[in-house]
Amino acid sequence: MSVTVNDYAELVKERSPKSAVWKNCVSAYIWGGGICLFGEFIANLIIRFFKIEKKEALGFASIALIFIAIALTGLNVFDSIAKKAKAGTLVPITGFANSMASPALEFRSEGFVAGLGAKIFVIAGPVIVYGLSASVLYGLIIYIFKLF
Amino acid sequence: MNYLFAFLTGGALCAIGQLLIDKTKLTPARILVAYVAAGVVFSGLGLYQPLVDLAGAGATVPLTGFGHVLADGVREAVAEEGLFGVLTGGFTATAGGIAAAVFFSFIAAVIFKPKDKSE
């Protein structure tokens, strides 16, 4: 049986993207799941030591993850983890934290105001714009419904 | 049991994000925006709180959880303050996370050296 170059190219095209996608999803699942599991662990620790409500404890757990992600960004470790973890570090709050710390560090050399101060929101800005706008819209809807 | 659901739910949300990156033209920045907006919508429809009750950090740590906190904050603020709450609820509820990210990033940018781009 002989395989021509074209056959082979087609075979590669057929197989490789699919397995890459599959692999990426598995990494994202494991890393993302692991980060959330760690968040749950922090929340439970906080509940045990400070005797506060779960809702607040989850808020503190997110802030702890933000702190860790930014520290790892500063130490130049975050990117090498993100390369392996794919969306596993992007989708959790760690991705949001990194999206601020990374440009803040990178553009500090362009000044504290026009560099660090402005570029810190290059990705977080849109997230806040659309998230906050959606929340105001939602608030208006429930406010109007309550009037009737 | 909580830990299992936290892992499974958080992992699934991340795997969906990865699938969107690989299969569509959504960039990582757009994924973040889409997740937060989706969190507001799902929370508004009453679908997200049950997931938080089940999976804890598995639902609050992914950015959809950020959207849920926005929506939850607005819901509470409108109930307590009426029309003014429409504007204050979202930011008030998420203020801690945003302030933490801004402040820690600022400190990190001051004390750490940026990555060497020649590497």
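**Exercise 1. Determine how many residues of chain A are in contact with how many residues of chain B, and characterise the chain A side.**

Step 1. Two residues are in contact if their C-beta atoms, placed from the backbone, lie within 7 Å. By this criterion, 64 residues of chain A are in contact with 62 residues of chain B.

Step 2. Helices are DSSP runs of H or I with at least four residues, strands are runs of E with at least two, and both are numbered from the N terminus. On the side of chain A that touches chain B, at least two residues each come from α1 (5–50), α2 (54–74), α4 (87–90), α5 (93–106) and α7 (124–147). The largest share, 15 residues, is supplied by α1(A).

Step 3. Ala, Val, Leu, Ile, Met, Phe, Trp, Tyr, Cys and Pro count as nonpolar, Asp, Glu, Lys and Arg as charged, and the others, Gly among them, as polar.

The model is predicted: local features need pLDDT of at least 70, side-chain atom pairs count only at pLDDT 80 or more, and totals for chains, interfaces and linings use all residues. Residues are numbered from 1 along each chain as its sequence is written, while chains are lettered from A and ligands numbered from 1 in the order in which they are written.

**Exercise 2. Describe the packing of α5(A) against α6(B).**

Step 1. Axes are lines fitted to C-alpha atoms, for helices over the stretch in contact, with angles from 0 to 180 degrees between N-to-C directions. The axes of α5(A) and α6(B) come within 8 Å and cross at roughly 35°.

Step 2. In α5(A), A:F96, A:A97, A:M100, A:A101, A:A104 and A:L105 meet B:A101, B:V102, B:S105, B:F106, B:A108 and B:A109 of α6(B). These residues comprise eleven nonpolar, one polar and no charged.

**Exercise 3. State the confidence scores of the model and of chain B.**

Step 1. The model scores ipTM 0.94 and pTM 0.91.

Step 2. For chain B, the mean pLDDT (the predictor's confidence in each residue, from 0 to 100) is 94, and 97% of its residues reach 70 or more.
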